[in-house]
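Student: Hello! Could you walk me through part of this structure, one question at a time?

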Amino acid sequence: MNTVAASPTTTPATPASHDLRIDGTRLWDTLMQLATIGATPKGGVCRLALTELDRQGRDFFIAQARAAGCTVRVDAIGNIFARRAGRDDALPPVMTGSHIDTQPTGGKFDGNYGVFAGIEVLRTLNDAGIVTDAPIEVAVWTNEEGSRFVPVMMGSGAFIGEFALDDVLAQRDRDGISVAQALGEIGFAGPEPVGGRPVAAYFEAHIEQGPVLEANDTTIGVVTGALGQRWYDVVLTGMEAHAGPTPMSLRRDALLPAAELVGLVNRIALAHAPHGRGTVGCLSVHPDSRNVIPGRVSMTVDLRAADDAVLSAMDAELRDAAAALAARTGIGIDVRQVVYFAPQPFDARLVGAVRDGATRLGLSQMDVISGAGHDAVYLARVAPTAMIFVPCKDGISHNEIEDAKPEHLEAGCNVLLHAMLDAARRPQP
């Protein structure tokens with residue numbers, strides 16, 4: 001899958017490059033072409049990681065990258081890197097990218113926008129005859145969504161060393177197919193080593209996946225960082241019994257304290273506004289029978305915050321309240337943390353470049369924080385990183401009706417263009 005296309009012109013960058021703009025129609029048309037691969041009847045996309053449809057999407061990306069004069073490499077976890085040479089190709093690359101795998105009922109823009117905004121940046125530099133000092137790379141990260149295989153953000157996590165390659169290759173989907181097998185079947189078990197090389201800077205453009213920008217009638221979200229996350233599996237154990245003969249005062253109903261816990265999670269988050277988040281997303285009642293008092297309830301809790309001290313305080317509040325609730329009701333409550341992501345601030349210099357770019361282009365902007373996980377969260381552990389958000393309609397994502405305005409996508413890509421051009425023009429420390 002490696003190729004070398006014709007080298008771009010070596011005309012040096014000039015001050016006129018400040019006037020550069022991407023071709024918004026070309027970007028939109030490319031995204032709409034990609035959206036036909038795995039298109040759903042409701043207007044969305046289902047292109048799960050490492051399926052045949054994912055292979056077709058990957059092949060489409062590679063074709064676009066080669067047409068833009070890039071060399072293409074694939075590593076052992078299936079991450080794809082399209083590289084545009086720089087004047088000093090020994091410098092670490094300035095990188096952008098995202099993912100093209102989707103949720104089962106996904107949309108046209110989540111991840112896909114960030115990948116093909118990167119391709120559009122390369123096309124624009126080619127059109128203007130600009131050669132950057134440092135090389136530029138566009139990455140497609142494997143299995144960001146985690147819909148078919150866990151963990152989520154698998155490719156970027158392996159790239160930075162968060163996951164051992166053998167461990168993620170051994171992960172299996174519901175049908176028992178391993179990541180290694182799936183990569184082989186679609187021809188993307190690449191020869192390149194995973195990670196272990198420097199990255200000068202990483203930018204990721206993305207739809208917001210929330211309602212804040214649209215609610216504030218703002219085009220560019222300058223992402224200062226990502227919320228930390230703690231996920232829990234909680235099990236409440238009482239005693240199932242017949243709903244008729246058992247008096248109310250003698251019951252050990254596990255659902256009652258579970259209901260209190262749902263409200264408690266909400267109150268914990270509200271007490272840590274504006275960035276506190278608290279969600280009970282799953283709740284399972286056993287034995288789930290109409291006339292049986294629930295004897296066991298399993299539930300999930302998701303806590304998020306922008307500051308690690310705040311997230312730790314929320315953790316303590318949850319555990320203390322659960323212990324007090326168990327003592328008061330006589331119901332056993334086991335709280336087990338299963339996921340922890342520390343809050344991740346992004347690089348102040350690159351965040352400033354995004355902010356300055358929006359100002360230079362006359363675009364409305366506001367600082368935001370990402371409530372979701374992105375590949376950028378992992379890249380920020382090994383390289384200076386920043387993200388650019390643009391609005392999505394009604395804040396809806398992970399849904400077939402996910403939508404975004406072409407002019408917003410164009411604006412975000414223009415900010416990406418200038419931020420990357422600035423970062424790639426000079427040797428990086």
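Tutor: Gladly, and keep in mind that this is a predicted model. Let's start with valine 262.

Student: Is valine 262 buried, partly exposed or exposed?

Tutor: Buried means under 20% relative accessible area and exposed means over 50%. Valine 262 has a relative accessible area of 33%, so the residue is partly exposed.

Student: Which nonpolar residues form a surface patch with Val262?

Tutor: The patch has about 210 Å² of accessible area in total. Besides Val262, its members are Leu255 and Leu283.

Student: Where is valine 262 placed, and how far apart are the end C-alpha atoms of that helix?

Tutor: Valine 262 lies in helix α8. The helix has 16 residues, 255-270, and at 1.5 Å a residue it should span 22 Å. That agrees with the model, where the end C-alpha atoms are 23 Å apart.

Student: What arc do the buried residues of α8 cover?

Tutor: The buried residues are Pro257, Ala258, Leu261, Leu264, Val265, Ile268 and Ala269. They sit on the same side of α8, because around the axis they cover an arc of only 125°.

Student: Which exposed residues are on the face turned away from the buried side of α8?

Tutor: Elements covering the buried residues include β7, β9, β12 and α9. The face turned away from that buried side carries Leu256, Arg267 and Leu270.

Student: Which residues does cysteine 282 touch, leaving out those up to four places away in sequence?

Tutor: Cysteine 282 is in the loop between β9 and β10. Its C-alpha atom is 8.1 Å from that of valine 301, 19 residues apart along the chain. The residues touched by cysteine 282 are Ser298, Met299 and Thr300.

Terms used:
Residues numbered from 1 in each chain as written. Predicted model: local features only at pLDDT ≥ 70, side-chain atom pairs only at ≥ 80, totals over all residues. Heavy atoms only, no water. Helix = DSSP H or I, 4+ residues; strand = E, 2+ residues; numbered from the N terminus. Expected span 1.5 Å × (residues − 1). Buried < 20%, exposed > 50% of the residue type's maximum accessible area, 1.4 Å probe, protein only. Arc of directions from axis to C-beta. Contact = heavy atoms within 4.5 Å. Patch = residues over 30% accessible without salt bridge, like charges linked within 9 Å, V, L, I, M, F, W, Y side chains within 5 Å. Areas by Shrake-Rupley, 256 points an atom, 1.4 Å probe, with all protein chains shown as cover. Salt bridge = Lys/Arg side-chain N within 4 Å of Asp/Glu carboxyl O.
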